[in-house]
Amino acid sequence: AKVEIYDSIQQALSIVETNIISYEIQIAFLGDKDATLFGIKNEYMQVWLILISNAINAYKQSAVQTKVITITIGDAQSGIQFCDNARGHIEPSDLTKGVGLLMCRQILGKYSKSLALENTPDGVCAVIH
């Protein structure tokens with residue numbers, strides 16, 4: 001089935017909306033709001049929820065004043081990116097910790113997709129290809 005990426009991310013955001021509001025996090029959407037993925041919507045929503053929750057958790061240990069999670073829906077080359085500006089840093093071994101990221105990888109693997117975490121000067125980006 002076709003999954004509308006933007007709509008499914010919006011639904012995932014609404015589930016954690018209370019946390020987003022209480023931590024005063026802004027959500028910025030970039031890219032193609034009409035893009036679709038093949039698969040099961042609830043499975044992708046599980047992935048979005050985990051990535052968003054990880055970003056929210058990063059802000060709990062961050063002193064950043066303006067908190068922004070930037071979600072970019074790109075093409076096959078750039079993928080889908082969830083980036084925070086919490087100034088955190090991730091180690092390669094962090095991908096094996098926590099049920100969440102492992103579950104993301106398993107779900108994405110079913111659809112021949114991969115998850116990579118990248119450090120940026122501002123924080124961490126989770127990239128799905």
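Start by selecting β6 and β7: the two strands form a hairpin with four residues between them. Helices (H or I, at least four residues) and strands (E, at least two) are DSSP runs, numbered from the N terminus. The model is predicted, so local features need pLDDT of at least 70 and side-chain atom pairs count only at pLDDT 80 or more, while totals for chains, interfaces and linings use all residues. Residues are numbered from 1 along each chain as its sequence is written, and side-chain values use heavy atoms, with hydrogens and water left out.

The pairing of β6 and β7 is antiparallel and runs over five bridges; two strands pair if DSSP finds at least two bridges between them. Pick E118, and then its bridge partner in β7, C125.

Next, show the sulfur atoms of C125 and C83. These two cysteines form a disulfide, with the sulfur atoms 1.9 Å apart; the criterion is a pair of cysteine sulfur atoms within 2.5 Å. By this rule the count comes to one disulfide. The link joins distant parts of the chain, from C83 in strand β5 (residues 80–84) to C125 in strand β7 (residues 124–128), 42 residues apart. The torsion about the S-S bond of C83 and C125 is about 115°, so the disulfide is right-handed. C83 is buried at a relative accessible area of 14%, and C125 is buried at 7%. Buried means under 20% relative accessible area, exposed over 50%, and partly exposed in between (1.4 Å probe, protein chains only).

Now select C104. This cysteine is in no disulfide, and the nearest cysteine sulfur, that of C83, is 15 Å away. C104 is buried, with a relative accessible area of 0%.

Move to the largest nonpolar core, of 40 residues, and highlight I9, W48, L51, F82 and I128, which touch the most other members. A nonpolar core is a set of buried Ala, Val, Leu, Ile, Met, Phe, Trp, Tyr and Cys residues joined through side-chain atoms within 4.5 Å. Elements that each supply at least two residues include α1, α3 (41–60), β5 and β7. Helix α3 gives the most, with 11 residues.

Centre on W48. Not counting residues up to four places away in sequence, W48 touches I5, S8, I9, A12, L37, I80, F82 and I128; contact means heavy atoms within 4.5 Å.

Finish at S8, in helix α1 (residues 5–15). S8 is buried, with a relative accessible area of 0%. Leaving aside neighbours within four places in sequence, S8 is in contact with V3, K41, M45 and W48.
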